Amino acid sequence: VIACADAGPNACPADIDENGIIAIGDILMFLGDFGCVANCIADIDEDGTVTVQDLLSGLLSSFGQPCP
């Protein structure tokens, strides 16, 4: 688990719960938002929907790594 630096808005899009850490809480919030098609908090790739792509290329690829 890696803390995210305060680098401004959207510095860590995978930090869904905005607590500064990409961790299990973010995965749980993602699962709760899975399938969303409007006003989605877990739309990491900002394509308008919460899909497996957000999980794989956004959340899991960032899990445990420092934020950019």
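Because the model is predicted, local features need pLDDT of at least 70 and side-chain atom pairs count only at pLDDT 80 or more, whereas totals for chains, interfaces and linings use all residues.

Asp33 is placed in helix H1; helices (H or I, at least four residues) are DSSP runs, numbered from the N terminus. With a relative accessible area of 13%, Asp33 is buried (buried means under 20% relative accessible area, exposed over 50%, partly exposed in between, with a 1.4 Å probe and protein chains only). Apart from neighbours within four places in sequence, Asp33 is in contact (heavy atoms within 4.5 Å) with Cys40, Ile41, Ala42 and Val50.

Two packed helices are described by the angle between their axes and the distance between the axes. The axes of H1 (residues 24-33) and H2 (residues 52-62) come within 11 Å and cross at roughly 170°. Axes here are lines fitted to C-alpha atoms, for helices over the stretch in contact, and angles run from 0 to 180 degrees between N-to-C directions. H1 and H2 are therefore roughly antiparallel to each other, a term for angles over 145 degrees. On the H1 side, Asp26, Ile27 and Phe30 meet Asp54, Leu55, Leu59 and Leu60 of H2. The residues of this contact comprise 5 nonpolar, no polar and 2 charged.

Asp15 lies in the segment before H1 and, at 8% relative accessibility, counts as buried. A polar atom of the Asp15 side chain lies 3.4 Å from the backbone nitrogen of Asn19. Beyond neighbours within four places in sequence, Asp15 is in contact with Gly20, Ile21, Ile22 and Asp26.

Ser61, in helix H2, counts as partly exposed at 34% relative accessibility. The side chain of Ser61 reaches the backbone oxygen of Gly58 at 3.5 Å. The C-alpha atoms of Ser61 and Ala14 are separated by 9.1 Å, although these residues are 47 residues apart along the chain.

Note on methods. Residues are numbered from 1 along each chain as its sequence is written. Side-chain values use heavy atoms; hydrogens and water are left out. Helices (H or I, at least four residues) and strands (E, at least two) are DSSP runs, numbered from the N terminus. Angles under 35 degrees count as roughly parallel, over 145 as roughly antiparallel, 65 to 115 as roughly perpendicular and the rest as oblique. Ala, Val, Leu, Ile, Met, Phe, Trp, Tyr, Cys and Pro count as nonpolar, Asp, Glu, Lys and Arg as charged, and the others, Gly among them, as polar. A polar contact is a pair of N or O atoms within 3.5 Å; within protein, one must be able to donate a hydrogen and the other to accept it, and residues adjacent in sequence count only if both atoms are side-chain atoms.
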